[in-house]
Amino acid sequence: MTKVKLGVVGLGWPGEQHAKAILASEAGYLYGAADVTEARRARFAEQFSPEKTFASLEDMLADPAVDAVVVCLPNTLHFPATLAALEAGKHVLCEKPPTMNAAEMKVLQEEAERRGLIYFFGRQSRFSPEMLAAKRLITEGRLGQIYFAKAIWVRSRGTPVGIDGWFTNKARSGGGALIDIGVHALDAVWYLMGTPKPVSVSAQAFRNFEHIVKVPKFDVDDAAYGFIRFENGAVVHLEVSWAANLTGDIPEEVKNGRELRNSVLYGPKATVQLNPLTLFEDQEGKLVNVPIEPEGNANQFEAQMGNFLAAVRGEAKAINDAQQAVYLMEMLDAIYLSSERGREIPIA
């Protein structure tokens, strides 16, 4: 089959990673690159050699040769850029978070379905060797029915800033630690659980550490803690923070101070954790620690791009699909609303 011609919009670090993945693929072709900054376009073109560069997304979408668009823009632009691409008849892979809220994501889901297009949200960690190995164990039934999971990503000093401080500006980011790293933590366990439908959330978000960074505006959460119930009866406990006074038994990291990051899923037969990748299995009444080897050594971005391209070509189902994106945004919305109202929030 003819290679899928892709255009990347937003040529910062995420755009570069997706470009590398396209170039490494057998089914994709890096056709276009769009960015409003001339210097970024020039640097990207020199490094990755797309066939064409564009000064705007609109110019790239007007090119009939473009089959699919990879959206790597700041959070607030994910919805309008994705909608414009879908309306132009292009398949879309959009970086996380999918949108600023669930209402926007439902619009994109409906538009993609109406036009018969693939919508795919960026969650390359689903394709990591550790996640692939854990997913295989769960699919094989080694854990049994998962009933509880812990999703943790807590830094001691790791508040991002971004260009002009956009990470801490709610109007531009949509949220703070929850939107930034909380998406990764929550999605890791939720995906391994089989992406069950969320039904309610009880949570609290905090902003206690704005004094440790110098930015023009800081009106987002730097921590969020939540409890999520699902339609199948399972629950998730979520802990996420950019900045917390973590205890001294946790090793110092070079970039973000001390850091706790793990996914742990509990079943009646066994428990699996990702860091380090281990199965804690009941073997004839005795709990045995079983080290697990990661699945291969595939690059996460390359594996993700492979699935997206296969979905566009009708060869495979999209692992990161629009319905999951809606559920994910519903959970994030409910966490913020629960914090604001001080009570559990049902998800319709």
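Is Trp-13 buried or exposed, and what is its relative accessible area? Trp-13 is exposed, at a relative accessible area of 54%. Keep in mind as you browse that this is a predicted model. Here is a short tour of its nonpolar cores, aromatic pairs and charged contacts.

**Aromatic pairs**
- The structure contains 6 aromatic pairs.
- Trp-166 and Phe-167 make a stacked pair, 4.2 Å centre to centre and with 25° between the planes.
- Trp-166 is buried, its relative accessible area being 14%.

**Nonpolar cores**
- The largest nonpolar core is made of 82 residues, and Val-69, Tyr-119, Leu-265 and Val-272 have the most contacts inside it.
- Helix H8 (residues 177-192) gives this core its largest share, 12 residues.
- A second, separate core has 25 residues, including Leu-11, Ala-21, Ala-68 and Phe-301.
- If you set aside neighbours within four places in sequence, the residues in contact with Val-69 include Gly-7, Val-9, Leu-57, Met-60 and Leu-61.
- Val-69 also has Ala-85, Lys-90, His-91, Val-92 and Leu-93 among its contacts.

**Salt bridges**
- The count of salt bridges comes to 18.
- Asp-35 pairs with Arg-40, and their closest N and O atoms are 3.1 Å apart.
- In that pair Asp-35 counts as buried at 7% relative accessibility, whereas Arg-40 is partly exposed at 24%.
- Glu-252 bridges to Arg-258, with the closest N and O atoms 3.8 Å apart.
- Here Glu-252 counts as exposed at 53% relative accessibility, and Arg-258 as partly exposed at 22%.
- Arg-313 and Glu-315 form another salt bridge, their closest N and O atoms being 3.0 Å apart.
- Arg-313 is buried at 18% relative accessibility, while Glu-315 is partly exposed, with a relative accessible area of 48%.
- A network of salt bridges links Glu-111, Arg-114 and Arg-115.

**Charges over rings**
- Lys-170 lies over the face of Tyr-336, at 6.0 Å from the ring centre.
- Arg-261 takes up a place over the face of Trp-153, at 3.5 Å from the ring centre.

Conventions:
Residues are numbered from 1 along each chain as its sequence is written. This is a predicted model: local features need pLDDT of at least 70, side-chain atom pairs count only at pLDDT 80 or more; totals for chains, interfaces and linings use all residues. Side-chain values use heavy atoms; hydrogens and water are left out. A nonpolar core is a set of buried Ala, Val, Leu, Ile, Met, Phe, Trp, Tyr and Cys residues joined through side-chain atoms within 4.5 Å. Buried means under 20% relative accessible area, exposed over 50%, partly exposed in between (1.4 Å probe, protein chains only). Helices (H or I, at least four residues) and strands (E, at least two) are DSSP runs, numbered from the N terminus. Contact means heavy atoms within 4.5 Å. A salt bridge is a side-chain nitrogen of Lys or Arg within 4 Å of a carboxyl oxygen of Asp or Glu. Rings of Phe, Tyr and Trp (its six-membered ring) pair if their centres lie within 6.5 Å; planes under 30 degrees apart count as stacked, over 60 as edge-to-face and the rest as tilted. A charge sits over a ring if NZ of Lys or CZ of Arg is within 6 Å of the ring centre and within 35 degrees of the ring normal.
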